[in-house]
Amino acid sequence: MRGSAQYQRQLYEQFASKMYAVCLRYARTPADAADILQEGFIKVFTKLEQYQFQGSFEGWIRRIMVNTALRNYQRQRFEFESTGHERLPEMPVEADAVAGMSERELLNLIARLPDGYKIVFNMVAIEGFSHAEVADMLGIQESTSRSQLTKARRWLCEQVETLHKMPQ
Amino acid sequence: MEQYSNIDDLLRKRLYDAATPPPDFVWPNVEQALRKKRRRFLFWIFSAFGTAVVTFSIWFWLNNSTANHRLATLNTQPQTTLTQTETINAAAAADNIATPQVTENQAIGTPETPNAVRSELPVQRTRTPHNTFQASSHPVVYQNKNTPEQGRPIVSNLKFQMPGSSENHNSRIISGAADPESVQLKSIDNQGLTTSELALNISSASTQQDALNTLPFSFNPLLFGAKLTQPAGVPFKIIRRKKANKLCYDFGKHPNVWMVDAYAGPSFAFKELSTNNPEFQHYLERRQGTERRDWAFNAGIRGTLMLEQHFMLRFGLHYEQMTEVFELIDPKSINVVVNYHTTYDANGNPITVADTIGVSYGEKYFKSYNRFGMLDIPLQLGVELRKGRMGFNINAGFSFNIWFWKQGAYLNPAGIPRYFTPGGKNTTEIFRTRTGLSAIGSVQWFYHVQPKLRIFAEPYFRQIVQPVNLQSHPIGQRYGVGGIRFGITKILD
């Protein structure tokens, strides 16, 4: 498949939409997301022989996209907001409020998160990484990862509630 | 009913498998990047191969030159101790001794065959009663150029077989450039052995040391893998040599021969856009901004007539491809879809109704690989210089285009991408049918792998004299092509 343009195209078409959604969650802008998607698929095709057939192929591609997004951020030297070790209570949110929003609106919502919040929230809450893994991948303390996640949750809940209460 | 839940779970359920179609331009970019990586990989492979060939060739050249210099030094050393009447060259004796095993005797080291020496090692000699014998008892092998001259070393090939071994050893021996004591052969001595007797001695020797002691000359046993300790003294030098320069074609004997080449290699086009009309200056800049060159290739066959060893007349059939990438990104594109309905009234007159069914705004992306293929008949004159198995030639001349095909797209003066492929739908032809005359220059480096077979690498440059576009097009488009040809040459003799 590595050398076949036809199969590469098929693979791209099969996974591009899902992976673009992943990239949108991590990127600052849609243009950044397109760059990450492009760079990620180039890595997929050039490192295809490294796939060990352990776990799902989609998961392997997703991991590449996430890593590419993280490298993209690191290149841009983003910095986490300095935080303490406070543990904020988890905010409940109405399920109907989220259900009433489209995927695009939810992606836009996450895109508006500050960079530090966004990355940690995406990695922990959506992708399912542990705080230890996030700390290792981002080179931060685990406590920093936890506090970023907590703040991200609070910010998102506030935004969802606000949007839900807005007149249609 | 209101349900409260963790926002993590809610968003994970909605977003983990979310899908959003990516922009259309991503895949072409991925495809192009992969193509570039492949080309880069091939480029490095070619480069590594070329570097290896050049390195080996330089090493071989230098090694050959060193050997020639060494032999020349030997040839010019003043030696006065040997005379034909009272001595026989030890190498000749060696050949005679080994006569039953000798399959080839060729004296070199004379000016006719200067490239004789490959390597040399000092030889230590062990004197035994068998070391001397009567010269006249040997059939003389060296008569003409092999005849030992006073003060000149003799070089000979010797195929030698050690006792107890069936393996043949090829060796080259230079003799005569040694101290007189060790080479002067006396009259009938205490043993008075003849050639056959000496050969018998060798074959009947029980050990390698015994066999060495049998010889009337000394040689380096290390050349034969023997582990012997011998006393000091360097009377002779034995030079092992694989083969002479038999892989060189003798152009001296055949100064006028035909040769045929086949070659292929990468090439790169250099484009120059120009206009004399200031009104089209902006358009020219947009053309330059949307078109970029890319790697292509060349291939061909060529016949060569060698004249007087060094001059060449060359002609053939050469195919050249030029590749460019046309890429246009319009961030403020407006696409209007209009549907035309044609009906007829009672009188049969057509009534066309235009119905705008959609307007889309956004970024427009257009990309095309523009390819130009040219088939030419080149005619060149060249000069060739050779040394050993290698050499180079310089060629210059013209080529006449006989076929010019093109496909791709360009930005027209209105800022709209248009195809220029002849024969296609909605195409605008802007290029000439033939490219006309081109000037070509090249430098070829070659290496003889066989007497009549060469491999070569040939960087070249070609300039198309006239612009390739039609005169009606406001932008002049000229091309030069640089590249390298890798190929083989067969000498037809």
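pLDDT is the predictor's confidence in each residue, on a scale from 0 to 100. The structure described here is a predicted model, so this score comes first. In chain B, confidence is highest in strand β15(B), residues 453-464, at a mean of 95. Confidence in chain B is lowest in strand β2(B), residues 107-108, at a mean of 35. Across chain B the mean pLDDT is 70, and 59% of the residues reach 70 or more. Over residues 71-163 of chain B, pLDDT stays under 50. The model has 226 contacts beyond four places in sequence for that stretch. Residues 219-232 of chain B also have pLDDT below 50, with 26 contacts beyond near neighbours in sequence. For the model as a whole, ipTM is 0.78 and pTM is 0.42.

Chain A contains 8 helices and 1 strand. Read from the N terminus, its elements follow the order α-α-α-β-α-α-α-α-α. Chain A has 168 residues, and 35% of them are buried. Sequence separation was also examined. Of the contacts in chain A between residues at least 6 apart in sequence, 72% join residues at least 24 apart.

Two packed helices are described by the angle between their axes and the distance between the axes. For α1(A) and α5(A), the angle is about 35° and the axes are 7 Å apart. Helix α1(A) contributes A21(A), L24(A) and R25(A) to this contact, while α5(A) contributes L107(A), I110(A) and A111(A). By class, the contact has 5 nonpolar residues, no polar residues and 1 charged residue.

The two chains meet at an interface. Here 30 residues of chain A are in contact with 28 residues of chain B. On the chain A side, the elements giving two or more residues are α1 (5-26), α2 (30-46), β1 (92-94), α4 (95-99), α5 (103-111), α6 (115-126) and α8 (142-165). Helix α1(A) gives the most, with 9 residues. This side of chain A has 20 nonpolar, 3 polar and 7 charged residues.

Attention then turned to the nonpolar cores. In soluble globular proteins, nonpolar side chains tend to be buried together. In this model the largest nonpolar core has 47 residues. The residues with the most contacts inside this core are M19(A), C23(A), L37(A), M65(A) and V120(A). Both chains take part: α1, α2, α3 (57-75), α5, α6 and α8 of chain A, and α1 (7-15) and α2 (26-76) of chain B, each supply at least two residues. The largest share, 9 residues, comes from α1(A). A second, separate core has 14 residues, including M322(B), F372(B), A409(B) and Y410(B). Back in chain A, C23(A) touches A33(A), I36(A), L37(A), M65(A) and A69(A), leaving aside residues up to four places away in sequence.

Strand pairing was examined in chain B around β15(B). Strand β14(B), residues 437-450, pairs with β15(B) in the antiparallel sense over 10 bridges. A hairpin through 2 residues joins β14(B) to β15(B). In this pairing, Q450(B) stands opposite L453(B) of β15(B). Strand β15(B) is also joined to β16(B), residues 476-492, by 11 bridges, and these two strands run antiparallel. There, R462(B) has V481(B) of β16(B) as its bridge partner.

Technical notes. Residues are numbered from 1 along each chain as its sequence is written. Chains are lettered from A and ligands numbered from 1 in the order in which they are written. This is a predicted model: local features need pLDDT of at least 70, side-chain atom pairs count only at pLDDT 80 or more; totals for chains, interfaces and linings use all residues. Two residues are in contact if their C-beta atoms, placed from the backbone, lie within 7 Å. Helices (H or I, at least four residues) and strands (E, at least two) are DSSP runs, numbered from the N terminus. Ala, Val, Leu, Ile, Met, Phe, Trp, Tyr, Cys and Pro count as nonpolar, Asp, Glu, Lys and Arg as charged, and the others, Gly among them, as polar. Axes are lines fitted to C-alpha atoms, for helices over the stretch in contact, and angles run from 0 to 180 degrees between N-to-C directions. A nonpolar core is a set of buried Ala, Val, Leu, Ile, Met, Phe, Trp, Tyr and Cys residues joined through C-beta atoms within 7 Å. A residue is buried if 20 or more other C-beta atoms lie within 10 Å of its own, exposed if 12 or fewer, and partly exposed in between; C-beta atoms are placed from the backbone. Two strands pair if DSSP finds at least two bridges between them.
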